[in-house]
Each structure stands twice: as C-alpha cells, then as structure tokens.
Amino acid sequence: MRLLVINIGTIVGIDTHNRHSVAGADMDSMERVENGWLLAEDGVISGFGTMDCCPDVEDAERIDAAGGMLFPSYCDSHTHIVYAGSREQEFLDKIHGLSYEQIAARGGGILNSAERLHNTSEDELYRQAMERIEEIMLMGTGAVEIKSGYGLTTEDELKMLRVIARIKSSTPLAVKATFLGAHAVPKLYKGRQDEYVDLVCREMIPAVAMQSIAEFVDVFCDRGFFTLEQTRRIVECGAKYGLKAKIHANELDFSGGVQLGVELGAMSVDHLESSGTEEIECLRSSRTVATLLPGAALFLGMNYPPARAMVESGVTVALASDYNPGSSPSGNMRFVTSLASMRMRMTPTEALWAATLNGAAAMGLSDKYGSITVGKVANFFITKPLPSFEFFTYAYNTPLIERVVLAGKIVK
Ligand code: NIG
Ligand code: FE
C-alpha cells in the first residue's frame with residue numbers, strides 16, 4: 001500500500017538524524033523541504049524530497065497538497081481521555097471563586113469522576129472516549145498516552161485500562177496506557193491514605209502487570225494528594241513489575257516530585273507549574289522529560305511553568321494536553337503549542353518539537369513517531385497554504401488542517 005503526497009508547500013518537523021529527543025538551542029532549529037513530495041509505503045515514510053525529483057509511483061494513492069504545509073502528527077504524552085460524563089458544574093464553582101483543591105476537598109474533582117465512572121458501563125465508557133479520540137485525531141494527534149485513575153478500586157481501574165486497550169486495538173493512533181491508581185484517595189479510604197497505597201502496591205499493580213494492560217505507572221505527587229514517601233513506594237513497586245514511571249509533580253506546590261522522579265529514572269515528570277532553579281538543575285542533567293501542560297494552567301488560572309528557563313538550561317521539554325474533565329477539557333495540541341508561545345515564550349519551532357518528538361520520547365515512542373523521518377510511521381497532517389510556518393501557531397483559532405494521515409492511511 002502506497003500513498004504519495006505531492007505539491008507540499010513546506011515539509012516541517014524533519015529529523016534526518018533519528019534523534020531520541022531535542023533539547024537546548026537545537027529546539028529552535030528544524031530542517032525543512034520546500035515544494036516537496038512524500039511517499040508512504042505500508043504505513044511507513046519511505047522517502048521525501050523536492051518536486052523536481054518526485055518519483056514516478058504508478059500504483060500509489062495520491063494527495064495533492066496544493067501548496068499546504070505538512071507537519072508530523074502531535075504526540076500527546078499526557079491525557080486522561082477515558083472518563084465518564086463531564087464536570088461543568090465545577091467549572092461554575094470555579095467561576096464563583098472555589099479553587100481546584102477546595103472543589104476536591106468537597107468530594108468534587110477526581111472523586112466526582114470516579115463515582116460517574118463506577119456507574120457507567122464499559123461499553124458506554126468506550127463510546128464516550130472514542131468521541132474524544134475522533135476529535136483529537138482530526139486535530140492532528142497521532143500518538144496518545146491515556147491514564148487510568150478515575151477507578152480507584154482494583155475493579156474499576158482494570159475497567160478503565162481495558163477501555164484503553166480497546167481504543168488501542170480499534171484506532172490508527174499509537175496508544176500507550178498508564179496505570180494511575182494513586183490519582184486521589186477514594187472516599188472509602190479517607191484518613192487511611194497509607195492503606196490505600198498498600199492496596200495500590202499489593203493488589204492493583206500486580207493485577208495490572210499480570211494482565212499486561214499498562215506500560216507506565218503514575219502518581220499524583222502533590223500537596224493534598226500523595227506524599228513523596230508514598231510516591232516512592234508506588235514507583236518502586238511498579239518498577240518491580242516492569243512499569244516505568246511518569247509522575248504528576250509540582251502542579252500545586254514545590255512537592256519534591258521532580259527530584260524524586262529524576263532519582264527514580266522516570267520517563268517524565270509532568271505539570272511543573274511550581275518549578276525553580278533546583279528543579280531545573282536536576283532535570284537538565286537527566287533523561288527525564290519535563291512535560292508541560294499549559295492547557296491546565298490556563299483552565300485553572302495557575303502560573304505557567306518556566307518553560308523559557310527550562311529550554312535555555314537544556315532540559316528536554318515536552319508539551320501535552322492533559323485532556324481531562326477537571327483541569328483541561330480539551331485535547332487540542334495545536335492550541336497547546338500556541339499557548340506555549342503566547343504564555344511561556346516558546347517559539348513555534350520549539351513548541352512543535354516539544355509537542356511531537358519530545359512528546360514521543362516521553363512515551364518511549366520516539367524511534368517510530370514524532371518527526372518526518374524515513375522509516376518512521378507515516379503520521380502527518382497537511383494544512384491549507386500558509387504564509388509562513390509561524391502562522392500556524394499564531395492564527396491559533398483559524399481552522400487550517402485539511403488532511404490527516406495516520407499509519408499511511410487517509411483519515412481526513
Ligand atoms: O493532570 N492533576 C491531577 N490530575 C489531573 C486532573 C484530573 C481531574 O481533575 O479530573 C491533571 O490535572
Ligand atoms: Fe494529568
């Protein structure tokens with residue numbers, strides 16, 4: 001099966017060096033091809049170049065890009081896209097002045113979603129999640145990490161992970177599953193937090209591992225949620241069962257979660273709204289990706305993480321949507337890159353690498369996803385003709401995506 005794209009105005013996001021990720025000054029440079037073609041064979045990019053040497057492929061399906069720009073698909077490395085219903089009532093509570101933590105303390109927030117999830121059938125959960133999956137595919141996402149964490153019982157966590165597995169087998173997206181049993185302490189364990197951590201370690205992690213139903217383990221390590229000691233226990237237990245760590249850290253406070261994540265060799269530490277020189281120092285000399293979620297900072301009215309200082313210090317920065325019902329009800333990765341430029345002073349080039357190759361690295365997928373590279377999965381989207389590359393990030397609300405190709409197949 002072959003797909004030939006011709007008359008591409010500019011191909012961006014090219015990485016001929018097959019890098020694992022991009023950091024420092026390299027984040028602001030990007031190879032491009034003007035007036036190009038790209039060929040996908042059996043779902044993989046097999047070549048690209050300029051139109052003056054376009055191959056003559058007879059039996060290929062064709063897309064005429066008509067001067068539009070070709071981008072590698074986004075790799076959204078942090079989402080909670082499997083959830084039941086929505087939480088706009090809390091949106092109103094927020095408008096009336098309550099904070100995320102106050103809402104959570106009243107039994108809202110994650111516990112509200114856990115109750116809804118418990119009362120929703122697996123088929124219905126899958127149906128709702130697939131609507132969001134379709135939505136993000138059409139907005140340019142080609143790989144996505146999805147967390148459990150609205151179950152908070154062994155049975156309901158496994159139910160969520162089965163839904164993620166079903167999404168994985170029924171969409172052309174690359175999907176990675178993360179077990180986030182320690183997302184909040186369920187009502188039943190109120191005041192007995194350590195006992196809940198026991199349950200996570202003794203029952204949930206072994207069950208998840210036995211079913212090979214997740215690759216990563218995550219903990220909400222922050223003020224009012226899980227402590228450093230509890231996080232360490234869970235991450236170390238996950239490691240024994242082959243689960244690599246991704247940690248929610250420093251969203252609400254300087255939790256020490258960044259340092260702990262680096263010490264434990266986490267794939268990524270995520271959020272990082274509360275970060276200073278210590279966190280940055282620690283991250284720059286590690287392979288742990290700093291995943292920033294500006295959509296959550298926007299929605300909750302928090303400070304944005306210090307992306308500029310991170311990039312300039314050589315930290316590997318990724319951008320993700322955090323798509324979830326409580327703190328980021330959107331999976332629009334293009335908007336995330338625009339927010340990164342508007343609110344965190346990342347250039348459009350830096351933001352694109354952060355949302356593609358570095359996001360792929362945060363999921364352990366950058367050998368196959370995250371850039372236009374021969375041999376990688378043919379995941380890309382094509383825009384209308386644009387006056388410049390920067391225009392795509394700048395005109396953040398104008399619908400510009402014309403075609404979407406995932407694993408070499410035309411999705412839009
Ligand atoms: O990444 N911070 C913790 N978890 C989610 C929010 C989940 C929710 O409110 O439902 C987040 O922001
Ligand atoms: Fe999150």
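Residues count as buried under 20% relative accessible area, as exposed over 50%, and as partly exposed in between (1.4 Å probe, protein chains only). By this scale Arg345 is exposed, with a relative accessible area of 59%. The model is predicted: local features need pLDDT of at least 70, side-chain atom pairs count only at pLDDT 80 or more, and totals for chains, interfaces and linings use all residues. Residues are numbered from 1 along each chain as its sequence is written, chains are lettered from A and ligands numbered from 1 in written order, and side-chain values use heavy atoms, without hydrogens or water.

Arg345 sits in the loop between α12 and α13 (348–355). Helices (H or I, at least four residues) and strands (E, at least two) are DSSP runs, numbered from the N terminus. Phi of Arg345 is near 55°, a positive value in a residue other than glycine.

Asp322 has phi near 65° and is not glycine. This aspartate lies in the loop between β13 (317–319) and α12 (333–344). Asp322 is buried, at 1% relative accessible area.

The iron ion (ligand 2) is coordinated by Asp322 (OD) together with His78 (NE2), His80 (NE2) and His248 (NE2), at 2.1 to 2.4 Å. Donors are N, O and S atoms within 2.8 Å of the metal (3.2 Å for Na, K and Ca); water is not among the atoms, so sites may look incomplete. The donor residues follow the spacing H-x1-H-x167-H-x73-D in sequence. His80 belongs to the loop between β6 (74–76) and α1 (88–95) and His248 to strand β10 (residues 244–249), so this pair ties together parts 168 residues apart in sequence. Both histidines are shielded in the sense defined above: His80 is buried at 2% relative accessible area, and His248 is buried at 3%.

Elsewhere, helix α4 (residues 122–138) packs on helix α5 (residues 154–170) at about 50°, with the axes 10 Å apart. Axes are lines fitted to C-alpha atoms, for helices over the stretch in contact, and angles run from 0 to 180 degrees between N-to-C directions. The angle makes α4 oblique to α5. Angles under 35 degrees count as roughly parallel, over 145 as roughly antiparallel, 65 to 115 as roughly perpendicular, and the rest as oblique.

Contact means heavy atoms within 4.5 Å. From α4, the contributors include Leu125, Tyr126, Ala129 and Met130; α5 contributes residues including Arg162, Val163, Arg166 and Ile167.
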